[in-house]
Amino acid sequence: MQGVLIGAVTVAIVLLGALLFQRNRLRLAHVKDSEMRFRLAMKHSAIGMALLSPRGEWQAVNHALCDLAGYDEASLLNTSFQDFSHPDDLIKSRGMLADLLTGEITGYSLEQRIISRQGEPLWVRLSVSPVHINGAVSYLIAQMENIHAAKLSEQALQESRQRLQMALEAGRVGIWQYSPQSDALFWDERMYELYGVQRGQPGDGSLQIWCDHVHPDDYHEIKAAFQRVIAGEQELDTEFRICRPGGDIRHIRVRAETVVRAGGAETLVVGTNWDVSAEKRMQDSLAHEKERLRVTLTSIADGVVATDEAGRVTFMNPVAESLTGWREEEAEGLPVGDVLMLSDDNVSGPSPNPITVALNGGDVCFLREGSMLQNRDGSRYEIQDSAAPLKTAEGEVTGAVMVFRDVTSRRAMQKKLRYHATHDALTGLTNRREFENVLLETLDEESPEHSMLCFIDLDRFKVVNDTAGHVAGDALLRECARVIGRQVREQDVVARLGGDEFGLLLRHCPAQRATLIAERLVAALGEMRFAWNESLYDIGASVGLVQLDANVITVEEAMSRADVACYAAKYRGRNQVSVYTPDDSEASRRHMELQVAAGLRESLESNRFLLYCQEIRPIDARTEQSHYEVLLRLRDRNGDILNPGSFIPAAERYQIMPHIDRWVLTQLLVTLSDELVALPHLNIAINLSATSLDDPTFIPFLESLLNKTPLSPERLTFEITETTVVNQLSPASDLLGRIREQGCKVALDDFGSGFSSFNYLKHFPVDFIKIDGSFVRNLLHSSVDRTIVESISEVAHRLGVKTVAEYVEDHALIPVLEEAGVDFVQGYAIGRPQPLSALFEQQQPEGLAGRSGEALARH
């Protein structure tokens, strides 16, 4: 029995084992079938899928995941999930994986970035689920869905919203919404700020709050426009004014449109408001500036033409219309070259238009001097102009503006002035200053050896001038100038150097040829018979020649040698031509000059210098009083009185003039000071020489005398020549500045002779300018001289300076000078020079005249 039982149990166990085996086989087959179906589904899934070990190692990946990340399967399996994830997202992913493995969560899903094979970040939605076997996580199933495009769109939308919000905040734009059906008005916070009201005030939430703040003058118009928007007839885009609490008025810009909600059940009006008060003020200011600019451009004396970037006319002011002959409406849109027809006086054909140059180059452009503008009617104007491009803040050229003026009359006057600045007013020849400039240019040439300098001195001019008068002398000089001009070549330069001296520069002329020309010139002048008032005069000339070779370096040296040669010609009997040689006449001339200089020193020691004076009379005696220029004379050993021209040059050359100046100043400010004090209405003018300015002790000497003299400084005027100022501007300015500080006046003598006068006069303070006599003598017959005198007077008066006309030798000149604005006159027509003692006797009270005469006699 027991055996049967054991057998039965054994059979049962076998049968049960067989049954369990069968069931296990069936379960394994089911699992294998399920796994096969899962792998097939994973393989063909459009979503990236992978099997991962709990440590994140790839066990299997599908094609969709490989395509998503840009890997092939083998390459991807050689990496780990950690390598695959973006570093910034890995920490969060690791934390959730740890929670999954510990059983705190049963799965998770998140958005993170993975790194593609190309190294680019890619957004995916990651879902991870565990697979448990025997109660433990055996592997992980991961699904990755590509959401990169959606994520980028979301980020872009978020950025757009942020930008919109920032723009609204930066632009201080308020947003509102109105429902016509319910009369409900929604304002955001910015709207309340714009209108200066608080939430909850009466009318808040309805259209009434808006109506209460619209400016009364704008209410009906803006409300009608708003009603049209509600009716869907148009959008709203306009400006209106609001009245804020406290009376502050603001300009508001509004934009709105109608929005119909889904189904058409409700219509909304949505809009924006922003404050444009600042822009409105700017617009008003710009409009005001534009109007002011328009009025200015219409009123100025210059022509103005504006163009666009293509050079087409956009604007012309009335002066431009007048000068071009085009009206603005006719010229608008035309190429500027068709309206501004320019040419150069010195070049044939049209000139480049400055506007075109400015547009192409982007810089300011100026016309050359001599540019001409042709009017539509054919008339021509000489113009001065500048053109400048119009640019944006980025430097892009958007157009150009040309400003020009008619300078025809001014340029003609400038040409006349330039001519008279370089030519002698009497003869029309080149003047000394210009001749020396030309001579300097010749000396600067590389090889001036074949050029010759001639000095021409008329032999009997003084006879004519003294016997027949200055008018005859001037006529003789003009005739001699014509005779000389006929004897020279076209390239030669003839000049009047002063008095009866002429200069001739024979350019590129060998010495032998130059001698023949000089001899022919002497013969022509010797054959002259000058007739005047039934008298006939013979004229001759002496000519000195000097070759301009390497031994002649300076203009002064060339002129000195020519002067020496001319002196030698006179010494040999006049009507001669003498060529300079350094061994004879120069030594003789120097000896003579030294003798003169020695005689001047002896004259100072012997008190043989005399003080003369000449009246400087005001044209209008009601406002000014006369004063007297102190002049110098010399009594020689024979008792004859010599004019300054016979001794001043030698005194200046051998530095004796500073001693003479000191003698004159001592006589006036010390010796004769009591006599001058006794005549309070007698004001005097004292000349200072150029050589005194070179003496460093002279200024202290003069200041010492001015401090000691009892004479009031307002009664003293110190004269200095224009040439001295030009050549010694700094010491002259220092000296006369100190003199004016003492209270004395300053006069500028021979003004205009150099024609650099106007350039330095503004920097050189003086009280009087004495107009050079070369402009005064022929004033009755020369409109040019009259214009020059008028110009000098006008400039002087604008600078607060009074003018004195020198060499007034004809009473008929005085009314003309008065019309020209001259303040004082001096010359033979007013009074000849007389001894200062004679003036004292005329002006001093009785009883003092004898004392002054005795004082002058003692000195």
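1. In this predicted model, the contact of helix H23 with helix H26 is made on the H23 side by Asp661, Arg662, Leu665, Thr666, Leu669 and Val670, which meet Phe698, Phe701, Leu702, Leu705 and Leu706 in H26. By class, the residues of this contact divide into 8 nonpolar, 1 polar and 2 charged. The axes of H23 (residues 657-671) and H26 (residues 698-708) come within 10 Å and cross at roughly 10°, which makes H23 roughly parallel to H26, since angles under 35 degrees count as roughly parallel.

2. The axes of helix H17 (residues 461-468) and helix H18 come within 6 Å, and they cross at roughly 145°. Phe461, Val464, Asn465 and Ala468 of H17 make the contact together with His470, Ala472, Gly473, Leu476 and Leu477 of H18. The residues of this contact of H17 with H18 divide into 6 nonpolar, 3 polar and no charged.

3. The buried residues of H19 are Ala514, Thr515, Ile517, Ala518, Leu521, Val522, Ala524 and Leu525. In an α-helix there are 3.6 residues a turn, so residues three or four places apart point the same way. As a check on the geometry of H19 (residues 511-526), its 16 residues should span 22 Å at 1.5 Å a residue, and this agrees with the end C-alpha atoms, which are 22 Å apart.

4. Where in the chain does Val543 lie? Val543 belongs to strand E25, and because its relative accessibility is 1%, Val543 counts as buried. Leaving aside residues up to four places away in sequence, Val543 touches Cys454, Phe455, Ile456, Ala518, Val522, Ala565, Cys566, Ala569, Gln576, Val577 and Ser578. Among these partners, Ala518 and Val522 are also buried residues of H19. For Ala565, the separation from Val543 is 22 residues in sequence and 7.5 Å in space, taken C-alpha to C-alpha.

5. Arg496 is buried, because its relative accessible area of 15% falls under the 20% limit. Its side chain makes a polar contact with the side chain of Asp424 at 3.3 Å, and a polar atom of the Arg496 side chain also lies 3.1 Å from the backbone oxygen of Gly499. With residues up to four places away in sequence not counted, Arg496 touches Asp424, Leu426, Thr427, Leu429, Thr430, Asn431, Arg432, Leu477, Glu501 and Phe502. Of these, Leu477 is also one of the H18 residues in the contact with H17.

6. The other arginine is Arg608, found in the loop between helix H21 (585-605) and strand E27 (609-618). Is Arg608 buried or exposed? With a relative accessibility of 14%, Arg608 counts as buried, although it is found in a loop. A polar atom of its side chain lies 2.8 Å from the backbone oxygen of Arg635. Not counting residues up to four places away in sequence, Arg608 touches Gly599, Glu602, Ser603, Arg633, Leu634, Arg635, Asp636 and Arg637.

7. Asp183 is not a glycine, yet it has a positive phi of about 55°; its place is in the loop between strand E6 (173-179) and strand E7 (184-187), and at 34% relative accessibility Asp183 counts as partly exposed. Tyr807 likewise is not a glycine and has a positive phi of about 55°. Tyr807 lies in the loop between strand E34 (802-805) and helix H31 (813-819), and at 40% relative accessibility Tyr807 counts as partly exposed.

8. For the chain as a whole, the secondary structure comes to 33 helices and 36 strands, and 43% of the 859 residues count as buried. Of the contacts in the protein chain with a separation of 6 or more, 57% are accounted for by residues 24 or more positions apart.

Methods
Residues are numbered from 1 along each chain as its sequence is written. This is a predicted model: local features need pLDDT of at least 70, side-chain atom pairs count only at pLDDT 80 or more; totals for chains, interfaces and linings use all residues. Side-chain values use heavy atoms; hydrogens and water are left out. Axes are lines fitted to C-alpha atoms, for helices over the stretch in contact, and angles run from 0 to 180 degrees between N-to-C directions. Helices (H or I, at least four residues) and strands (E, at least two) are DSSP runs, numbered from the N terminus. Angles under 35 degrees count as roughly parallel, over 145 as roughly antiparallel, 65 to 115 as roughly perpendicular and the rest as oblique. Contact means heavy atoms within 4.5 Å. Ala, Val, Leu, Ile, Met, Phe, Trp, Tyr, Cys and Pro count as nonpolar, Asp, Glu, Lys and Arg as charged, and the others, Gly among them, as polar. Buried means under 20% relative accessible area, exposed over 50%, partly exposed in between (1.4 Å probe, protein chains only). A polar contact is a pair of N or O atoms within 3.5 Å; within protein, one must be able to donate a hydrogen and the other to accept it, and residues adjacent in sequence count only if both atoms are side-chain atoms. The expected span of a helix is 1.5 Å times one less than its number of residues.
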